Amino acid sequence: MGTSHNLGQGFAKSFKINFIGRNEKISLPWQNSWGISTRLIGALVMVHGDDKGLVLPPRVALNKIVIIPIISKEGKEKILKKAREMISKLKAFNPILDDREDYSAGWKFNEWELKGIPLRLEIGPKDLEKKQVVIVRRDNHKKEFVKELNLDKFIQKTLDDMQDDMYKKSRNFTLKSIVEVNNMDELKKAIMNKKIALGYLCDSEKCEENIKDKAGAKTLNIPFEQPKDLESCISCGKKASYQVRIAKSY
């Protein structure tokens, strides 16, 4: 979910959308919107990307692997032949073969890192002799030498591990970014440190506006699990109605 909005009944009135309710009367529907599109793409880039570019979680990557033959004058045709064979054997991962000869191997490495392809497979003259390939993970740049015989199983396991590792890393980062606050000063400090504040609020719109004015932040959501004993509102000091997450929008 990228965003959610209560659209009310305005669109239903404008476009004359109605239904017969349980009371057998004509009613106007209440509509909502659950957006994805560019918001989720932006979140993915910000959460997982690094200084080298995009890092795509394997399950959302269209192409799971890119195969880069290390081409030299000697054995060029054999290396390209082997790379094309791998394309066929590994089609389940929708691989890309980068056999361009007008770019160096280093250039290709950087380009595909920028685009976030999860795994890079390298094959050169020595790898051909040893019947192996070099596999490099995009997320942690770990390099391993893998025999051709076990290649498909190794790739699948590596993709699963990468997916799990990326999820855990982003989840841990989020949890560590949440700090509890008990008053306005603590809230301001949390927001200045780019944290997500977890504090108590009443139902007053004035308190939300006060938080926006003094801390430059807004309420993000109300956690489903609420404490049994709610403390005082961090804005007005009265009995709180909820414990909420508060942060700044960037």
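Two strands count as paired if DSSP finds at least two bridges between them. Helices (H or I, at least four residues) and strands (E, at least two) are DSSP runs, numbered from the N terminus. The model is predicted: local features need pLDDT of at least 70, side-chain atom pairs count only at pLDDT 80 or more, and totals for chains, interfaces and linings use all residues. Residues are numbered from 1 along each chain as its sequence is written, and side-chain values use heavy atoms, with hydrogens and water left out.

**Chain as a whole**

- The chain holds eight helices and 13 strands.
- Its radius of gyration (over C-alpha atoms) is 26 Å, well over the 18 Å from the globule rule for 250 residues, so the chain is more spread out than a compact globule. That rule is 2.2 Å times the number of residues to the power 0.38.
- The C-alpha trace spans about 80 × 50 × 35 Å along its principal axes.
- Of the 250 residues, 34% are buried, meaning under 20% relative accessible area with a 1.4 Å probe, protein chains only.
- Among contacts (heavy atoms within 4.5 Å) with a separation of 6 or more, 59% join residues 24 or more positions apart.

**The five-stranded sheet**

- An open sheet with mixed pairing is built from five strands in the order E6-E5-E7-E8-E9.
- Strands E6 (96–97) and E9 (143–147) are at the edges with a single partner strand each, so one side of each has no neighbour in the sheet.
- E5 (residues 65–69) pairs with E7 (residues 119–123) in the parallel sense, over five bridges.
- Within that pair, isoleucine 67 is opposite leucine 121 of E7, and proline 69 is opposite isoleucine 123 of E7.
- E7 also pairs with E8, in the antiparallel sense and over four bridges; here leucine 119 faces arginine 137 of E8.

**Burial of E7**

- Five of the five residues in E7 are buried.
- Leu119, Leu121 and Ile123 point one way from E7, Arg120 and Glu122 point the other way, and all are buried.
- In a regular strand, side chains alternate between the two faces of the sheet.

**Helices on the sheet**

- Helix H3 (residues 76–89) lies across E5, E6, E7 and E8 (132–137), at about 165° to E5.
- Helix H4 (residues 105–115) packs on the sheet and touches E5, E6 and E7, with its direction at about 175° to that of E5.
- Axes are lines fitted to C-alpha atoms, for helices over the stretch in contact, and angles run from 0 to 180 degrees between N-to-C directions.

Definitions and conventions
Buried < 20%, exposed > 50% of the residue type's maximum accessible area, 1.4 Å probe, protein only.
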